[in-house]
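I'm jotting down what I look up as I go.

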Amino acid sequence: MTPGSESRDATPPLKRRRTDSESPRTSKPQATSAPEDDNTRSRPTDGPDDRGRSQDAGRRSRDLSGSRGRYSSRSRSRRGDYSRRSSRSRSQSGFPSRSRSRFDSRSGSRSRSGSPRSGRDASRSRSRSSDRTRSEYSIPQASQTPLPEKTRPNYKPKLVLHGHTKPVSQVRISPNGSFIASASADGTIRIWDAATGSHMDTLVGHMAGVSCIAWSPDSNTIASGADDKAIRLWDRVTGRPKTTARKSAAGNEMAPLRGHHNYIHCLAFSPKGNILASGSYDEAVFLWDVRAGRLMRSLPAHSDPVSGIDFCPDGTLVVSCSTDGLIRVWDTSTGQCLRTLVHEDNPAVTHVCFSPNGRFVLAFNLDNCIRLWDYVAGNVKKTYQGHKNEKFAIGGCFAVLDDVPFIASASEDGGIVLWDVKNKEVLQQIPKQHKGVCFWVDVHGDIMASAGQDHSVRVYRHVRKNGGLVRDGVAENQKLSGAETGGETALPIRQEDVKMEDA
Amino acid sequence: MNMLLSDDYLLQDYPENITNTIRSGHATMLRFDRKGDYLASGRVDGTVVVWDLETMGVARKLRGHNKGITFLSWSRCGRYLLSTCQGWKAILWDLQDGSRLREVRFRAPAYIAEIHPWNQFVTALFEEQPMLVDVSEPVDIKHILPSAPKRTNTNGDAALKEKQAKEDARQMTTSAIWTTTGDHILAGTNKGKLNIIDARTCEIIYTEKICSGVITTMRLTASGRDLLVNSQDRIIRTFRLPNLSVEDLDLDTLQVPLEHKFQDVVNKLSWNHVTFSATGEYVAASTYNNHELYVWERNHGSLVCMLKDPKEEQGVIEWHPSRALLAACGLETGRIYIWSVVSPQKWSALAPDFAEVEENVEYIEREDEFDIYAQEEIHRRRLDAEDEDVDVLTLDQPKAMGWENSFRMPVLFNLGESDSEDEFIAVSTGTMRRRSPGEGQGDDDGYERVPVKKVASKGGRSKKK
């Protein structure tokens with residue numbers, strides 16, 4: 001999840017990790033403080049967590065260099081240019097400034113990527129102040145003029161879900177559209193009712209921040225990956241880990257999937273739900289047999305943390321991406337790499353997903369661009385711009401309203417941007433929902449959910465214009481402001497049923 | 001979708017070496033489902049194990065029989081599985097929840113029970129009359145099917161009639177399958193006769209003596225136009241089956257012409273089991289008292305290869321419905337061997353700016369290749385170039401549309417390891433691991449390497465014998 005360069009070494013990259021260090025509790029969202037907060041706080045998260053982190057960071061750099069050596073030695077003979085580059089970076093991997101210098105060296109090797117990068121690096125290093133871009137969007141949605149002729153996404157804030165005590169790294173709507181799961185740096189996963197926003201369950205068990213979650217296709221299982229290097233499978237119905245007939249230390253609860261040598265960063269279920277793909281900071285992609293909970297295949301995928309992973313709709317392909325700038329397409333059944341996609345500028349890729357028909361791959365780059373790749377032809381078909389993404393692994397997705405596809409993405413200024421797939425035009429911009437960064441957006445039909453650095457999950461709903469009743473911007477504005485206030489005040493989410501248990 | 005990227009279609013379309021060995025108990029019967037996602041295996045102890053071919057792991061275990069499984073049959077939709085055992089009964093399973101949908105008892109052990117696309121199945125019983133069992137109603141309706149050949153001379157003299165009656169009494173059906181349309185049943189007898197039975201009237205409409213021994217196995221291709229018959233006279237025969245479902249089926253001119261005879265004239269081998277390849281282009285057979293699998297090509301009727309790897313005789317073999325993948329179960333150990341093709345890694349796929357070239361190519365740089373432009377200029381030009389229309393919703397093959405509304409087997413977490421025997425699981429191509437009890441994670445100990453033999457060319461392989 002970490003995009004940026006310098007964040008990768010000093011403080012392990014993640015969004016949540018970064019925010020840990022900046023005393024998360026000082027800037028609390030207004031409605032948050034719920035009774036169970038104390039509970040959470042009483043868990044020995046912070047102290048040991050910090051220690052663990054620094055150890056991990058050290059270990060990580062070793063791991064990285066180790067695995068890179070293995071990797072590049074395997075492919076060096078053919079890769080020429082790449083291996084040269086990575087061997088250079090390898091020699092520096094011990095130093096704290098490793099990835100930064102690496103990045104620079106890489107950009108140096110490409111003649112075209114010139115000056116702008118240094119400017120970006122500078123901005124990255126000082127981006128701690130979360131309100132730096134706030135003023136840019138002082139005018140809310142009112143400024144947009146809706147085009148009446150075709151279906152335009154018109155998502156209005158509806159609910160604010162409070163409960164997480166640290167930044168929320170990912171939010172995913174279940175495939176059947178009825179639940180929302182959110183993963184947070186506080187080590188828990190929460191399940192919410194997508195319609196009412198009521199809190200349904202808190203999944204406790206991870207020993208460190210959770211960076212990714214995935215829903216099984218039947219919406220009954222949630223997989224979560226965390227910085228404790230474990231992947232857990234949860235039963236959505238019971239809110240407990242999945243049970244197996246096999247006996248383990250925790251009764252017949254399924255043991256977490258272990259095998260990755262470093263933080264788990266991304267997860268995806270195959271469309272049949274029988275395979276789970278995971279990407280980790282150890283630069284490998286693992287394919288797990290979900291039923292048996294065993295490692296099926298490990299792919300020496302990248303030379304940097306694997307930042308995103310997805311299955312194509314028929315399950316035969318897996319796509320993975322990394323901050324090394326590569327997007328790789330794998331054959332699920334043979335484990336072979338079928339295609340590698342690299343943009344000329346080689347920007348880090350932080351999230352990747354297949355289009356609904358599986359013919360294209362959408363890649364989220366750290367140069368403020370989202371690119372739509374034709375992976376068969378191997379070229380970029382579209383570039384979407386208008387959001388801000390230079391530092392964090394933010395996410396988005398494809399969405400479909402009335403058979404019209406569009407692309408949604410989070411933005412580092414706390415907003416959400418929606419684009420038309422074909423003409424790359426920004427269809428809707430929802431500015432400044434989250435204080436700080438908005439990390440993730442997921443859309444399921446009329447429902448949209450976003451996760452932010454401000455510990456909250458927000459839910460939006462597509463408001464249809466009925467016939468031609470709403471004609472001008474005024475009516476729109478009124479409706480909008482009503483929805484807005486409704487969104488802010490709605491939701492005294494109940495928190496009573498939150499229990500903290502050690503699994 | 002991987003077809004868009006891989007060159008696998010260029011590979012040979014018959015398997016050449018063992019890529020996986022899977023085991024759960026002692027398997028005796030195998031069957032792929034129609035889409036080829038799952039492999040059902042029947043065990044000696046009566047358990048039916050459904051394997052997921054993607055993970056090569058157990059997807060479901062069905063317990064209900066207490067004698068060895070003799071036959072398995074998938075429904076068209078892939079949701080129901082019919083298993084037949086030596087214990088005089090057949091069970092129709094619902095794979096949605098693993099429940100027994102129907103249980104049918106017979107008066108004898110059953111060899112074969114095959115599901116019709118609609119709620120019926122046909123069975124061949126040991127030393128008994130074959131049956132058509134209709135399970136569409138709550139109470140099973142069993143129709144006895146005739147085994148005696150159809151006689152044309154119904155007005156012959158008494159002596160001949162008596163003789164025929166005696167002969168008829170000795171006729172027993174040993175194999176019975178549905179035609180693809182489900183209108184007719186093809187039955188093979190112990191006297192080497194092929195009977196075509198009309199499924200509605202349960203009457204034999206056509207009889208022909210097609211071989212001299214007992215017919216042990218009959219298979220059809222997916223198209224239903226080719227029939228493969230294995231008999232105890234050590235010859236495998238393929239026949240062209242006429243379309244039996246036409247309106248004006250003329251029984252008098254009906255013929256089932258012989259196409260090929262496959263046999264090993266040198267070793268006089270007999271064959272345990274036979275199967276068609278996915279397209280019907282190849283015929284594979286496992287050999288009796290021998291370790292090899294033979295694969296013939298049907299166009300010319302020539303032997304293309306002999307697959308020999310496991311050190312045991314193999315019984316039932318099954319060809320995957322779409323891929324070049326063959327499953328065979330070992331008679332002694334009950335292991336399931338998966339034969340397949342290993343596609344080589346394309347190295348240029350790893351680095352897109354590299355291409356594999358046969359010989360040296362002189363590089364001629366473009367005129368503007370090293371010109372320096374402002375970053376913004378390049379960026380703007382790129383964006384301007386993106387004027388192609390993209391369609392992210394429409395699927396390329398409308399055929400594949402069915403994948404989300406068809407039956408999907410639920411993923412179970414509670415399969416457990418209640419088997420007393422070790423289960424071997426393939427970790428990757430040619431690599432296996434013995435699963436220790438209680439072990440949940442991928443640990444590296446216990447790996448067992450199976451050397452994957454590099455097979456030279458087809459010619460060399462088949463010439464060896």
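I started with the surface of chain B: its accessible area comes to about 22600 Å², and carbon and sulfur atoms account for 49% of that. I have to remember that this is a predicted model.

Next I checked how much of chain B is tucked away. Of its 465 residues, 52% are buried. I then looked up the secondary structure of chain B and found 31 strands and 3 helices. For contacts in chain B with a separation of 6 or more, 46% are between residues 24 or more positions apart.

Then I went looking for charge. Which residues form a positive surface patch? I found Arg34(B), Lys35(B), Arg76(B) and Arg408(B). I followed up on Arg408(B), which sits in the loop between α2 (375–385) and β29 (424–428) of chain B. Its relative accessible area is 34%, so I noted Arg408(B) as partly exposed, since that label covers values between 20% and 50%.

Over to chain A, where I picked Ala214(A). It belongs to strand β6, residues 210–215. Is Ala214(A) buried or exposed? Its relative accessibility is 6%, so Ala214(A) goes down as buried, because the cut-off is under 20%.

Who touches Ala214(A)? Skipping neighbours within four places in sequence, I listed Thr221(A), Ile222(A) and Ala223(A), plus Leu267(A), Ala268(A) and Phe269(A). I also looked up Cys266(A): it is 52 residues from Ala214(A) along the chain, yet their C-alpha atoms are separated by 8.6 Å.

Terms used. Residues are numbered from 1 along each chain as its sequence is written. Chains are lettered from A and ligands numbered from 1 in the order in which they are written. This is a predicted model: local features need pLDDT of at least 70, side-chain atom pairs count only at pLDDT 80 or more; totals for chains, interfaces and linings use all residues. Side-chain values use heavy atoms; hydrogens and water are left out. Helices (H or I, at least four residues) and strands (E, at least two) are DSSP runs, numbered from the N terminus. Buried means under 20% relative accessible area, exposed over 50%, partly exposed in between (1.4 Å probe, protein chains only). Contact means heavy atoms within 4.5 Å. Accessible areas come from the Shrake-Rupley method with a 1.4 Å probe; for residues, only the protein chains shown count as cover. Patches are made of residues with over 30% relative accessible area and no salt bridge: like charges are joined within 9 Å, nonpolar side chains (Val, Leu, Ile, Met, Phe, Trp, Tyr) within 5 Å. A salt bridge is a side-chain nitrogen of Lys or Arg within 4 Å of a carboxyl oxygen of Asp or Glu. Lys and Arg count as positive and Asp and Glu as negative; His and the chain ends are not counted. The place of a charge is taken as NZ of Lys, CZ of Arg, CG of Asp or CD of Glu.
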